[in-house]
Amino acid sequence: MMYTPTYAMPGRARDWPARIERACQAIEAAFDVRLDKATPYREGQADIELSDRTAFLRGKARSRTKWLNVYTGSGIAPTATGHENLDYYALSGRSYANAEVYHCGTQYPAVSPAGHEALLVHVGDALGAHWGPYLPMATARRLRRVQWCSRVGDKVIKEEVGRSHRRGAPAALAGRYALRAT
């Protein structure tokens, strides 16, 4: 089963690049890979080959959303029972409404429970994260879809499910949803 570990990293944005770099190094050491590509923020642009990842991360820390995805590998393939991560290793992140916290996620091929635990510790320590659970991939995807189609205070985020970052969304999620207090 594929899992998606996530982390909440508090602190000032100027401190995040060094911490994210250390987390990238922890992933690289665990899997003997190099996170040497970045996904561009704007759709339709070619992926970025990272010659200086630290400089790239510093630039992202100055951006509005601080959105990033550094990775290596070819991706995740559909299977008869779901999806399989062939060789995709990634660290992604974004600053949401609370600009004092940066949220990171990691993806990597299946490892043992002990391997997940070791990575949670090493990556979490590198980030200075305050928490770091891991979820089955299907659960993480579902939660991301709900988050993109939700009410936040008086504002409704109306991101259409089905756009490029929503490929493969179930038909039941095709409308707009608002989370309501119960």
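The legends below describe several close-up views of a predicted model.

In this predicted model, local features require pLDDT of at least 70 and side-chain atom pairs count only at pLDDT 80 or more, whereas totals for chains, interfaces and linings use all residues. Residues are numbered from 1 along each chain as its sequence is written, and side-chain values use heavy atoms, with hydrogens and water left out.

**Figure 1. Overview of the chain and its secondary structure.**
The chain comprises 4 helices and 11 strands; helices (H or I, at least four residues) and strands (E, at least two) are DSSP runs, numbered from the N terminus. Of its 182 residues, 37% count as buried, where buried means under 20% relative accessible area, exposed over 50%, and partly exposed in between (1.4 Å probe, protein chains only). Among the contacts in the chain with a separation of 6 or more, 57% are made by residues 24 or more positions apart; a contact means heavy atoms within 4.5 Å.

**Figure 2. The largest nonpolar core.**
This core has 27 residues, and those with the most contacts inside it are Ile20, Val70, Leu91, Val123 and Leu127. A nonpolar core is defined as a set of buried Ala, Val, Leu, Ile, Met, Phe, Trp, Tyr and Cys residues joined through side-chain atoms within 4.5 Å. Two or more residues each come from β1 (3–10), α1 (16–31), α2 (53–61), β4 (68–72), β7 (89–95), β8 (101–107) and α3. The greatest contribution is that of α1, with 7 residues. Leaving aside neighbours within four places in sequence, leucine 91 is in contact with Ile20, Ala23, Cys24, Ile27, Leu68, Asn69, Val70, Cys104, Gly105 and Thr106.

**Figure 3. Helix α1 and the residue that follows it.**
The 16 residues of α1 should span 22 Å at 1.5 Å a residue, and the separation of 23 Å between its end C-alpha atoms agrees with this; the expected span is 1.5 Å times one less than the number of residues in the helix. The buried residues of α1 are Trp16, Pro17, Arg19, Ile20, Glu21, Ala23, Cys24, Ala26, Ile27, Glu28 and Phe31. After the helix comes aspartate 32, with a positive phi near 55°.

**Figure 4. The buried face of helix α2.**
Arg53, Phe56, Leu57, Lys60 and Ala61 are the buried residues shown in α2. Viewed down the helix axis, the buried residues fall within an arc of 140°, so they line one face of α2; the arc is that of the directions from the helix axis to the C-beta atoms. These buried residues pack against α1, β2 (37–38), β3 (48–49) and β4.

**Figure 5. Salt bridges in the structure.**
The whole structure contains 5 salt bridges, each being a side-chain nitrogen of Lys or Arg within 4 Å of a carboxyl oxygen of Asp or Glu. Arginine 53 and glutamate 28 form one of them, at 2.5 Å from N to O. This pair links distant parts of the chain, with arginine 53 in helix α2 and glutamate 28 in helix α1, 25 residues apart. Both arginine 53 and glutamate 28 are buried. A network of salt bridges links Glu21, Glu28, Arg34 and Arg53. Another salt bridge joins aspartate 15 to arginine 12 at 3.6 Å, N to O; aspartate 15 counts as partly exposed because its relative accessibility is 29%, and arginine 12, at 47%, is likewise partly exposed. Aspartate 36 and lysine 37 also meet in a salt bridge, at 3.7 Å from N to O. Aspartate 36 is partly exposed at 25%, as is lysine 37 at 22%.

**Figure 6. The surroundings of lysine 66.**
Lysine 66 is located in the loop between α2 and β4. With a relative accessible area of 13%, lysine 66 is buried. Not counting residues up to four places away in sequence, lysine 66 touches Ala13, Trp16, Lys60, Ala61, Gly93, Arg94, Ser95 and Tyr102. Lysine 66 and serine 95 are 29 residues apart in sequence, yet their C-alpha atoms are 5.8 Å apart in space. The side chain of lysine 66 also reaches the backbone oxygen of alanine 61 at 3.4 Å.

**Figure 7. Histidine 116 and tyrosine 108.**
Histidine 116 lies in helix α3 (residues 113–127). Its relative accessibility is 3%, and histidine 116 therefore counts as buried. The side chains of histidine 116 and tyrosine 108 are joined by a polar contact of 2.9 Å. A polar contact is a pair of N or O atoms within 3.5 Å; within protein, one must be able to donate a hydrogen and the other to accept it, and residues adjacent in sequence count only if both atoms are side-chain atoms.
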